[in-house]
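Please look through the structure shown here.

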Amino acid sequence: MPIDIRDHPDAPNLDALGDLTLEPVPAEEIRRRLDDGDELLEDQLRERDDVDAYVELNRRSQGGEYGDIGTALYRLVQLFGTPQVPGYEAGGDLRERTDETFKYLFRVGTDAEDLPDEWLVTVHDWHVDLGVCLAGWASDNVEPAEMETAVGLVSLALVTNVVTEPVQCEYKDIWY
C-alpha cells in the first residue's frame with residue numbers, strides 16, 4: 001500500500017544527497033521542442049508499483065484535511081511563476097482538460113553518485129492531489145518508465161519539500 005514519501009522507508013535524506021537543483025525548463029525551450037514535433041513523455045509516480053509512495057499535502061495524521069492542491073499551486077507560483085507548459089499557462093482555455101489544470105516542467109540536477117546528473121519531472125494536479133511524473137523528451141531517447149526507483153523517490157521527496165516546507169531560493173542574485 002502506498003504511503004506518504006516522508007514516511008517511506010526508502011525515502012532519501014535530501015541533505016545527504018548533496019546539492020539538488022530544481023529549475024523550470026524555459027517556456028521557449030518547451031515550445032521549440034513541441035513545435036519541432038518532439039513529444040514530452042511522462043510516467044506518473046503514483047501509478048508505479050516500484051515507487052509505492054505519494055505526496056500527502058495535508059498530513060491527516062497531523063489533523064490536516066484531505067488534499068490542498070491550491071496551497072501547492074500557490075507555493076509553486078510564488079517560487080517559479082505561473083506554469084510554463086503550453087496549454088497550462090495561467091488564463092488558458094480549460095475546456096479540453098480533465099484531470100490536470102496546471103503543469104510545470106522542471107529540470108533536476110544533482111551531484112549524487114547514485115543518480116543521473118540531470119533528469120526532468122513534471123509537477124501538476126492529479127485529480128485533487130499533487131502529481132509528480134518522471135519525464136523525458138522522445139528525441140533524447142529517454143524512457144521515464146525505465147528510470148530507477150531511486151530517481152522517483154528523490155523526485156517525490158524534492159517536490160514534497162518544495163511545496164510543503166519553507167525553502168531558501170535565489171532570485172536575481174538575492175537569497176530569500
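**Sheet, helices and core**

Five strands make up an open, antiparallel sheet, in the order E2-E5-E6-E7-E3. Helices (H or I, at least four residues) and strands (E, at least two) are DSSP runs numbered from the N terminus, and two strands pair if DSSP finds at least two bridges between them. E2 and strand E3 (40-44) are at the edges with a single partner strand each, so one side of each has no neighbour in the sheet. This is a predicted model: local features need pLDDT of at least 70, side-chain atom pairs count only at pLDDT 80 or more, and totals for chains, interfaces and linings use all residues. Residues are numbered from 1 along each chain as its sequence is written, and side-chain values use heavy atoms, leaving out hydrogens and water.

Seven bridges join E5 to E6. Val-108 has Trp-119 in E6 as its bridge partner.

The buried residues of H3 pack against several elements, including helix H2 (69-80) and strand E6 (118-126), where contact means heavy atoms within 4.5 Å.

Which residues touch the most other members of the largest nonpolar core? Among its 28 residues, they are Leu-76, Trp-119 and Leu-130. Such a core is a set of buried Ala, Val, Leu, Ile, Met, Phe, Trp, Tyr and Cys residues joined through side-chain atoms within 4.5 Å. H3 gives the largest share of this core, eight residues.

Notes:
Buried means under 20% relative accessible area, exposed over 50%, partly exposed in between (1.4 Å probe, protein chains only).
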